[in-house]
Amino acid sequence: MAKKIGILILVIFLSIILASIYGFLHNQISYSISTEYFTEFKFLQFGGVKFSMDFPRYSAGLIGIASTWWFGLIIGLIIGIVGFLQPITKIMWKSSYGAIIRTLGIAIGIGIVGILVGRFIISNLNANWNLPADLTDRQSFLTAGTMHNFSYLGGVIGLIYGITYQLKIKKASAQHRV
């Protein structure tokens, strides 16, 4: 049991690290899509992150970490707890690690879909959304925002897939033992 608890802690830590890296890099991409998404929204949302105007890309990255580390905690905790269902620690680690990587891959993929949906669909809608009044590039702002929303959706879908992946491994290992 102590080894499984150790793996749970490792899975949570790994998930937080990967989510934080993802958040940092994600915001570098979305900052490239729309600086206004940060200057007119995210910097204000996060309380005018210190140095945001002196070092905007760095600040965008810090916001990315602040926006995703907790999601990594939740994902790691859930994946780690589901991992406890595995019969041995080796399979627990394999299934948990595989679930984390799959969750991350799906979040990345759906984030990319978000860029496309934002660029070609959402930003072309003539909706009366509550956007900052002085935007110079509404289309890019909405594209970056859609990317952010889709990435969270991707994390949830990835988590569901990761859990399913772990349960399939459990079933396969149970059939092997019979």
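Modeller: Buried means under 20% relative accessible area, exposed over 50% and partly exposed in between, with a 1.4 Å probe and protein chains only. The model is predicted, so local features need pLDDT of at least 70 and side-chain atom pairs count only at pLDDT 80 or more, whereas totals for chains, interfaces and linings use all residues. Residues are numbered from 1 along each chain as its sequence is written, and side-chain values use heavy atoms, with hydrogens and water left out.

Biologist: Is Asn-27 buried or exposed?

Modeller: Asn-27 is found in helix α1, where helices (H or I, at least four residues) and strands (E, at least two) are DSSP runs numbered from the N terminus. Leaving aside residues up to four places away in sequence, Asn-27 touches Phe-38, Ala-60, Gly-61, Ile-63, Gly-64 and His-148, a contact being heavy atoms within 4.5 Å. Because its relative accessible area is 3%, Asn-27 counts as buried.

Biologist: And Phe-13, is that residue buried or exposed?

Modeller: Phe-13 is likewise found in helix α1. Its C-alpha atom is separated by 12 Å from that of Ile-78, which lies 65 residues apart along the chain. With a relative accessible area of 53%, Phe-13 is exposed.

Biologist: How far apart are the end C-alpha atoms of helix α3?

Modeller: The expected span of a helix is 1.5 Å times one less than its number of residues. Helix α3 covers residues 56–83, and its 28 residues should therefore span 40 Å. The value from the model agrees with this, the end C-alpha atoms being apart by 39 Å.

Biologist: At which residue does α3 bend?

Modeller: A bend is the angle between axes fitted to the seven residues ending at a residue and the seven starting there. For α3 this angle is about 30°, and the residue is Thr-68.

Biologist: At what angle do α1 and α3 pack?

Modeller: Two packed helices are described by the angle between their axes and the distance between the axes. Axes are lines fitted to C-alpha atoms, for helices over the stretch in contact, and angles run from 0 to 180 degrees between N-to-C directions. Helix α1 (residues 2–33) and α3 have axes 6 Å apart, and they pack at an angle of about 150°.

Biologist: How many helices and strands does the protein have, and what pattern do they follow?

Modeller: The secondary structure comes to 5 helices and 0 strands. Read along the sequence, the pattern is α-α-α-α-α.
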